[in-house]
Amino acid sequence: MQFDPVLAESDLILKGIWLTIVLSASAIVLGCTLAVLLVALRTLAGRWAGIVVDAYVELMRNTPFLIQLFMIFFGLPLLGIRMSGVEAALLTMTLNLGAYSTEIIRAGVESIHKSQFEAGVSLAMTRRQVFQYVVLQPAFARVWPALSSQFVLMMLASSICSFISVQELSGAAAIVEQRTFRSFETYIIVTVVYLVMALSLKVFLLWLGRKLFPQVSGLSRLDAKAEAA
Amino acid sequence: MQTFGWPEAMFIFRAAGWTLLLTAISFAIGSLIGGAFAIMRLSRIKLVRNFAAGYILVIQSIPVLMVLFMSYYGLSIIGIELPPFFAASASLAVYVSAYLAEIWRGSIESVPYQQWEASASLAHSPAQTYRYVILPQAIRISLPPTVGFLVQLVKNTSIVSVVGFVELSRAGQLVNNATFQAFQVFSLVAVIYFAICFPLSRLSRHLEKVMNASRSH
C-alpha cells in the first residue's frame, strides 16, 4: 500500500472536507428551521395544513435520498429551474433533513403535557405565543438526542452528493482515486476523515445540547451523574 | 432520441426485483453478523465487549458509500474479485450488521434483569438463558425498530448503483440518460420505492402500537 500519492493530493481532500462541513452545517440550520415552521403549521393551522405536512414527511422519509437528489438535479431544469450541483445538493439535504426533523420535533411537541398549553392560554397568550415561548424549547430539549443522531446521519449521507459530481469529501476522493489509481488507500484515508468528523460532530452536538437546554433535558442529568461520580 | 414508454417502464420494474433481492440477501447475512455482535456487545469478557462496541461505532460513523468502497476495493486488494451483486450484498450486510447489532443490543438489555437471575437460578447455561428466556422476549421488543430499519436498508440499496450493479436507481439513471425525461423516470422510480417503503413504515408503527398496548397491562 502506498499512501504518498494520495497524500500529495491533500489540497483536494481538504477542500472536500470544507465543502462537506459547509453543506452539512447549512443543511442542519436550514433543515431545522424548515422543520420548526412545518411543526408550527401542523400544530397551529387547520387540518388540511396538517395533512399536507404529513404527506410531505412521509414522501421524503420513504424514498431514497439519491432519488430525491436526482429529481431535483435532473428534474427541476426541465421546469426551467437551473441550479449547480452544490445548490441542488444543499436543497435536497435541507428538504430531506427538514422532513426527518419535522417528524422528530413533532414527537417532542406531542410529548409536552396538554396542561402546558392550557396554562399558556390562561395567561392570555395566543396559541402561536404558547407554541413559541412555552412548548418549543422543552420539546426541542426532549428530542435533542434523536435530532443529533439525525444530523450526524445527514452529514454522512452528504457523501451521496458525489453522485451528481459535487466535490465534497467523497467527490474529492473519486477525483483523487482517478488521478492516483490508489483506490483502497484513498478510501481508507477518506473513511478515517469521515469517522473523525462524525465523532467530532457527535461530541459537539452533545456539548451544544447541554449549553442550549441546561435545566430541562436528560443531558443535564447525565452531567449531574458525572459530577456525583 | 428514445422516449419514455412501456419497454423503459418494464426495465425499471424488473430492476425493482433486484432491489428487493439485494435487500433480502443483505438483511439475511447482516442479521446473522449483527446478532453475533449484539451478543458480543453484552459479553462478560471486556475485550469482546469493547471489540463489538468499536465495530458498531466505526460502521455507524462512516457513510454507507464508504463501507461499499472499502469492502469493494479491500476485497480486490486481497485478490477476491466478486461480481457486483455479491460485492454489493456483502458491503450492505456489513452496514446492516452494525445497525441491527445496536438495535438488538437495546432490545436484549430492555428485558428485565430479574429474568436473567431467574434463569440462572434454574441452572440454565448462558446459551440456554438466551435461547429459552431472553431472546423470545427480546425479539418481540425488537420487531418495530427492526422493520423500521428495513426501510432504511431498502433506501440505502440505491447507493450500490455506484459499483455498476443495475438495481432500481441505476435503472432509473440508465433510462434517464437515454430519454432525458428525468421527471417521469425518477417519479416512477420514487413511486416504486415509496410503494415498498411506506407499507413497511406503517407496519413498524403498527407493531409499536401493539407492543405498547400489551406492555401497559
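This short talk walks through a predicted model with chains A and B.

Residues are numbered from 1 along each chain as its sequence is written, while chains are lettered from A and ligands numbered from 1 in the order in which they are written. Since the model is predicted, local features need a pLDDT of at least 70 and side-chain atom pairs count only at pLDDT 80 or more, but totals for chains, interfaces and linings use all residues.

Let's begin with confidence, given as pLDDT, the predictor's own score for each residue from 0 to 100. Chain A averages 89, and 93% of its residues score at least 70. Within chain A, helix H5 (residues 85-111) has the highest mean, 95, and helix H10 (residues 218-228) has the lowest, 54.

On to chain B. There are 8 helices and 0 strands here; these are DSSP runs numbered from the N terminus, with helices being H or I of at least four residues and strands being E of at least two. The C-alpha trace of chain B spans about 75 × 50 × 25 Å along its principal axes. Of its 217 residues, 40% are buried, meaning 20 or more other C-beta atoms, placed from the backbone, lie within 10 Å of the residue's own.

Now, where do the chains meet? Two residues are in contact if their C-beta atoms, placed from the backbone, lie within 7 Å. Chain B brings 28 residues to the contact and chain A brings 28 residues. H8(B) gives the largest share, 10 residues. That side of chain B divides into 21 nonpolar, 6 polar and 1 charged. Here Ala, Val, Leu, Ile, Met, Phe, Trp, Tyr, Cys and Pro count as nonpolar, Asp, Glu, Lys and Arg as charged, and the others, Gly among them, as polar.

Finally, one helix pair in chain A. Helix H6 (residues 114-122) and helix H7 (residues 127-157) of chain A pack at about 130 degrees, with their axes 10 Å apart; axes are lines fitted to C-alpha atoms over the stretch in contact, and angles run from 0 to 180 degrees between N-to-C directions. Gln116(A), Phe117(A), Gly120(A) and Val121(A) of H6(A) make the contact with Val130(A), Val134(A) and Val135(A) of H7(A). These residues divide into 5 nonpolar, 2 polar and no charged.

Methods:
A residue is buried if 20 or more other C-beta atoms lie within 10 Å of its own, exposed if 12 or fewer, and partly exposed in between; C-beta atoms are placed from the backbone.
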